[in-house]
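Below is a short briefing on a single protein chain.

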Amino acid sequence: MSSTTTPPAPAAAADDPNKPVTGYPTTGNYPPPPQTSYQQNYHQTGYPAQTSNYPPPPPGTGYPYSAPPPPYYNPNPYPHPHPHQTYDPQRATFLRRVIIAGISVFLIIGAITFILWLVIRPHLPDFRVDSASVTNFNVTNSQLTANWEIGFFVRNPNKKMTIFYDRIEGSIFYKDESLTETSLVPFFQEKKNETTISTRFTAMGTYVGERTAKEMVGDKNNGGGVRFNVRMLAWVRFRSGAWRTRRHLMRVFCEDVRIGFSNTTSSTGTLSGSSKVCEVDL
């Protein structure tokens, strides 16, 4: 009887210490399994393949897509009228010097004018009413008719300045109501000069209102006289040699000029009491 003896395994394979121990039989050199279309698309794009059971579209078929944005349109194709200007230090320095020079000239002129004003020290003229008379005085049906003759004494108290009265306007009031006005003749006064001027005022049927008419008639009949106010506006200049001032508006107020009548029927009256000193304001 013959016996079958199994040959022993190679010692090298049994004794190899680097042999991996997996618990599974050693795989052989088998070919890889075939890949499906899903696996092929997944490895190519990284996303699962999308399968569709629809037939492919015919050639020449278009698909919608987002249109690119339109090109930029400039509504103002012309260049800016004021392009950016670079800073010019020489021009800025010149402008600063011009401004400083103008301010310096203005301050110098102002200082010289102020010093001359202090040295010369112009004074306002003196005004007073020396004489006053009324003729043809009549108040009827709230209308006034009268003629005034007013004499003014004017004195220039300045020792170094001449006064020029270029334009003078005078008016007569009863209380605060204007009765008549006129223009006086322009004149001038030398240093320390005294002048007397006379002017005539006329009212011909001037409407004064019922209340004012009754008050004037009552003042006349009571014997106390009718009190008028004389006011003047004068445009004056002062001059001392080559130095002169600009034209100033001067106001003259002569209040409470009382005209007395001899009786209630008289139409003529004169100044009662002494002269009236006027207030002068510039």
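Which residues does UniProt list for "transmembrane region"? The unreviewed entry gives residues 98-120; UniProt positions follow the numbering used here, feature names are shortened, and annotations may be inferred rather than shown by experiment. This is a predicted model, in which local features need pLDDT of at least 70, side-chain atom pairs count only at pLDDT 80 or more, and totals for chains, interfaces and linings use all residues. Residues are numbered from 1 along each chain as its sequence is written, and side-chain values use heavy atoms, with hydrogens and water left out.

**Helix α3**

- Residues 98-120 are 100% helix and 0% strand, with their end C-alpha atoms 33 Å apart; helices (H or I, at least four residues) and strands (E, at least two) are DSSP runs, numbered from the N terminus.
- Helix α3 covers residues 89-120, 32 residues in total.
- From first to last C-alpha, α3 reaches 47 Å, close to the 46 Å expected at 1.5 Å a residue (1.5 Å times one less than the number of residues).
- After α3 comes R121, with a positive phi near 50 degrees.

**Cavity and pocket**

- The structure holds one cavity of 30 Å³ or more (on a 1 Å grid over the protein atoms alone, a set of points where a 1.4 Å probe fits but cannot get out; lining residues have an atom within 4 Å of a point).
- The largest cavity holds about 40 Å³ of space, and its lining includes F127, Y165 and F187.
- Two or more lining residues of this cavity come from each of β3 (162-174), β7 (226-240) and β9 (248-261).
- The largest pocket (an open set with protein on both sides within 12 Å along at least five of seven lines) holds about 180 Å³; a volume is the space filled by probe spheres set on grid points joined across faces, edges and corners.
- Of the 13 residues lining the pocket, E169, G170, S171, E181 and L233 lie nearest its centre.
- Strand β3 gives the largest share of the pocket lining, four residues.

**Aromatic pairs**

- Six aromatic pairs are found in the whole structure (ring centres of Phe, Tyr and the six-membered ring of Trp within 6.5 Å; planes under 30 degrees apart are stacked, over 60 edge-to-face, the rest tilted).
- F127 and Y165 pair edge-to-face, at 6.3 Å centre to centre and 80 degrees between the planes.
- F127 lies in β1 (residues 126-140) and Y165 in β3, so the pair ties together parts 38 residues apart in sequence.
- F127 counts as buried at 6% relative accessibility (buried is under 20% relative accessible area, exposed over 50%, partly exposed in between; 1.4 Å probe, protein chains only).
- Y165 is buried at 1%.
- F127, Y165 and F187 form one aromatic cluster.
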